[in-house]
Amino acid sequence: MKHEFECVIVGSGGAGLYSALETSACAKTAVLSKVYPVRSHTGAAQGGISAALGNREEDKPEWHAFDTVKGGDYLVDQQAAMIMAQDAVQAVYDLENRGLPFSRTTDGKIDQRRFGGHTKAFGKGPVRRACYAADRTGHMILQTLYQQCIKNKVTFFDEFQVVDVILDEKTCKGVIAIELATGQLHTFAAKSVLFATGGFGRIFKITSNAFANTGDGPAVLARKGIPLQDMEFFQFHPTGIKGLGILITEAVRGEGGILRNNAGDRFMEQYAPTLLDLAPRDMVSRAIMTEIAAGRGMRGDKKIDDYVNLDATHLAKGVLEAKLPDITEFCKTYLGIDPNETPIPVLPTAHYAMGGIPTDLDGRVVIDGKGTIIEGLYAAGECACVSVHGANRLGTNSLLDLVVFGRRAGIHIGEYVKHIDFPAIPADAAAEAQRWIDRLTDGKTGPHGGHMAEEMQTVMMENVGIYRNEADMALAVEAIRNLRDRYGDVRVQDFSKPFNTDLLELIELKNMLDLALITAASSLNRQESRGGHSRHDFPDRDDANWLKHTLATLDGNQVNLAYKPVDTSIWKPKPRAY
Amino acid sequence: MKIILKIERFNPETDTESRFQEYTVEVAPTDRLLDALIIIKQFQDGTLGFRKSCAHGVCGSDAMRINGKDRLACKTLVQEVADADGAVVEIKPLGHLPVQRDLIVDQTEFFSKYRSIQPFLINDDPVPEKERRQSPEERMKFDDATNCILCASCYSACPIFDKNKNFLGPAALSQGYRFIADSRDKGFENRLPDLDSPDGVWACQNHFKCTEACPRGIKITKRINQTKKMIQDHRKGKGESINDGATD
Ligand SMILES: Cc1cc2nc3c(=O)[nH]c(=O)nc-3n(C[C@H](O)[C@H](O)[C@H](O)COP(=O)(O)OP(=O)(O)OC[C@H]3O[C@@H](n4cnc5c(N)ncnc54)[C@H](O)[C@@H]3O)c2cc1C
Ligand code: SF4
Ligand code: FES
């Protein structure tokens, strides 16, 4: 079936929905999502969205921008960070005005709390900058934006999975999607396409990410030769529930929770004397792994799955119930403990992709260091890389990224589509996607994807995790190449059309294998330690050689690497201590 | 431990009626029931259909009927539904919604009823420069209703649908309350025709099945009763009568 829209938005998390609100006001817009919009993973975000409102204490956008740059270990493009911090204030008020039920101060303002790496006066101590709605801030953002889309009668194609993009050298012309309910392929011709497909934590074994987070947008584009930026920087959040990876928000520490080793010591005193437990995530995750390796994990056996305790038992009565009710319930449901009485066993969990589809400040996809764009192609949210998160994202800055850059992209699209005609689509636009599906469903026997997915996740977790080295990463690259070769033989077990989730998962597996390869290869090549990319064999940051963004292009089983400069026009890079 | 999942299956391409299929899976008592379903899908039978996403009870994808109760597979531990080796756990799709395949139901009607109560803040006053003020007490009045993940467990559990298909249902009504109880909202009158109708709040007969089923702990029945009270007070204030469809 064929459709024609001025704007097609792929993904209905915070980024996709915010853009849709902007574009649908002035352009014929369709939002495609492989899950019902309200099931998007933005709904799982817990702790907050940052903005220097100054409702609890003095705060300034400049401080916020600086923290973002330093938190990102100076790989952040500084003008972009400044714009995000400045736009943040109005963005949060706008969400409130649209109905978002923020938690409130006693005088009725939006309440704010502390979060890792957010400081006053350029590092003088923690500041209350995270605006929140209990511990379901993302849920409220997703709901509020979806509700606004209902109000504004936005057109949704629920449960449509995009599998290909229609692209020539200079222009994007639409997408190809499978309708889950019927198995039918649809062609969407469009003047503009925005990818907002979220993260891809599912390439790792232990993750806070949803099953839907398979990086479809970046993978579809990578296969068309679009480079992906800074893919070696993947954030491991320090506090996932041991074994499960379910996130325990940093807000637990923001409200006063403390990480302790098997001696009961507050070990962050050794690693970040000023910010302690509220140091940036890469540092806290490394501190935990160092404690475990030294035999100071709770079991003390130095094994990679040992853990530490997150202690919230000393918090004032009622704080957990009032400000962190969902976390309290997760602990009760999945661990059978009450965090008021028992510390929470935690271990780092694969959480956030700093890298992704390279864009400019208006969401336009930029394919090189010279600012070359593809007409009509946009990206926003976690799948994009502006870059405001650099080598390590600060907590609460992602939700902010969604609304600030989702909005900016939407506004730009609204203007752009006014001046161009509908593209001519080749008659065989869906042929490539169809061939892929035909191959997977041709009835031949082949291995099932389930085992391969598991192998990939284990390889990535063990070799491209928190601490890395040459040998491990080289091994990962080889292993993923091998899995990609074997993918050529996989076949479905399910031959039905309606809701063939078997087929859809095999398509997602291919996306993950592509991104895993790019991640591993980009990591292997960067010979320094910076933010979330930390190497035993190159333990220091090396600004002389590596203060630059990676651009990785997929070419068969090869990944070609190029680099482009970082915008350091405001603050000179300095050593990063907290 | 080994448990047996007895799953109700239906493929519209090949089946005229649903049938049960049994799978044996090795799980830990503390595993989620969703983990057991994934083991089947990944390693035993790729044709099994069910929805999933967040895997920790916040996205509303995997509501289903487990041993007769409507609940989320990812928020149900094996030990809650299987007490010993060899225990059989029966899994069916949600009720009151058409089955599309296996455990996947069509939620179109559920969402269109949700949309019908205008689930968005209605306030046409000029946009303030900063936030609209709201006290913590005002905010807490509708707090639990904001928890809804639109999973449709309540919709399946509610016995009213057996008699009245047009009932708006627990989720839509509690979302109605979420807005009319919000001190910033001015849309009470806009929503009144839908809420104050024989298919709206008045169809609820206080069975409390929705409240029991809700995985997010929303006091749905109570919120519906509070809405009834607000409507009664409003009508009384204007000297009008409620529209509950009663003929006397
Ligand atoms: C547990 C958790 C807690 C977090 N807490 C915070 C926090 O407190 N503060 C903060 O700032 N950040 C937080 N983050 C990060 C933040 O929530 C995410 O980065 C952000 O929500 C991503 O939003 P998005 O709009 O880019 O994508 P998502 O919300 O993930 O949405 C992706 C969308 O793309 C669609 N999609 C994907 N592939 C396809 C395809 N092939 N075809 C069609 N549609 C597709 C999906 O259906 C979905 O609608 C948290 C993350 C997690 C995992
Ligand atoms: S009210 Fe509860 S049971 Fe009903 S849809 Fe919402 S979360 Fe699910
Ligand atoms: S998978 Fe999200 S609620 Fe169960």
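Modeller: One definition to start: two residues are in contact when heavy atoms of theirs lie within 4.5 Å. Keep in mind that this is a predicted model.

Colleague: Which residues does A:H186 touch, not counting residues up to four places away in sequence?

Modeller: A:H186 sits in strand 9 of chain A, residues 185-195. Sequence neighbours up to four places away are not counted here. What remains is A:M1, A:H3, A:F160, A:V175, A:I176, A:A177 and A:E179.

Colleague: How far apart are the C-alpha atoms of A:H186 and A:I176?

Modeller: A:I176 is among the residues that A:H186 touches. Along the chain the two are ten residues apart. Their C-alpha atoms are separated by 5.7 Å.

Colleague: Is A:H186 buried or exposed?

Modeller: The cut-off for buried is under 20% relative accessible area. A:H186 has a relative accessibility of 2%, so it counts as buried.

Colleague: Now A:G369. Is that residue buried or exposed?

Modeller: A:G369 is in the loop between strand 16 (364-366) and strand 17 (373-379) of chain A. Exposed means over 50% relative accessible area. A:G369 has 51%, so it counts as exposed.

Colleague: Where is A:Y18, and is it buried or exposed?

Modeller: A:Y18 belongs to helix 1 of chain A, residues 14-24. Its relative accessible area is 2%, so A:Y18 is buried.

Colleague: What is phi of A:K302, and what is phi of B:A55?

Modeller: A:K302 lies in the loop between helix 8 (281-293) and strand 13 (308-311) of chain A. B:A55 lies in the loop between helix 1 (33-44) and strand 3 (63-66) of chain B. Neither residue is a glycine, yet phi is positive in A:K302 and in B:A55. For A:K302 the value is near 65 degrees, and for B:A55 about 65 degrees.

Colleague: Which peptide bond is cis, with omega near 5 degrees?

Modeller: Look at the loop between strand 18 (384-385) and helix 11 (397-416) of chain A. A:S387 has its place there. The cis bond runs from A:V386 to A:S387.

Colleague: On to chain B. How many helices and strands does it have, and what share of its residues is buried?

Modeller: Chain B has nine helices and seven strands. Its C-alpha trace spans about 60 × 45 × 30 Å along the principal axes. Of its 248 residues, the buried share is 59%.

Colleague: How many residues of helix 6 in chain B are buried, and what covers them?

Modeller: Helix 6 covers residues 170-180, and eleven of its eleven residues are buried. B:Y177 and B:F179 are among them. The cover includes helix 4 (137-151) of chain A. From chain B it includes helix 3, helix 5, helix 7, helix 8 and helix 9.

Colleague: With which residues is B:D182 in contact, leaving aside neighbours within four places in sequence?

Modeller: B:D182 lies in the loop between helix 6 and helix 7 of chain B. At 2% relative accessibility, B:D182 counts as buried. B:L121 is 61 residues away in sequence but 8.5 Å away in space, C-alpha to C-alpha. The contacts of B:D182 are B:L121, B:Q134 and B:F142.

Colleague: Last one. Which residues come nearest to ligand 2?

Modeller: The shell around ligand 2 divides into twelve nonpolar residues, one polar and one charged. Of these 14 residues, the nearest are B:C148, B:C151, B:A152, B:C154 and B:C214.

Note on methods:
Residues numbered from 1 in each chain as written. Chains lettered and ligands numbered in written order. Predicted model: local features only at pLDDT ≥ 70, side-chain atom pairs only at ≥ 80, totals over all residues. Heavy atoms only, no water. Near = heavy atom within 4 Å. Nonpolar A, V, L, I, M, F, W, Y, C, P; charged D, E, K, R; others polar. Helix = DSSP H or I, 4+ residues; strand = E, 2+ residues; numbered from the N terminus. Buried < 20%, exposed > 50% of the residue type's maximum accessible area, 1.4 Å probe, protein only.
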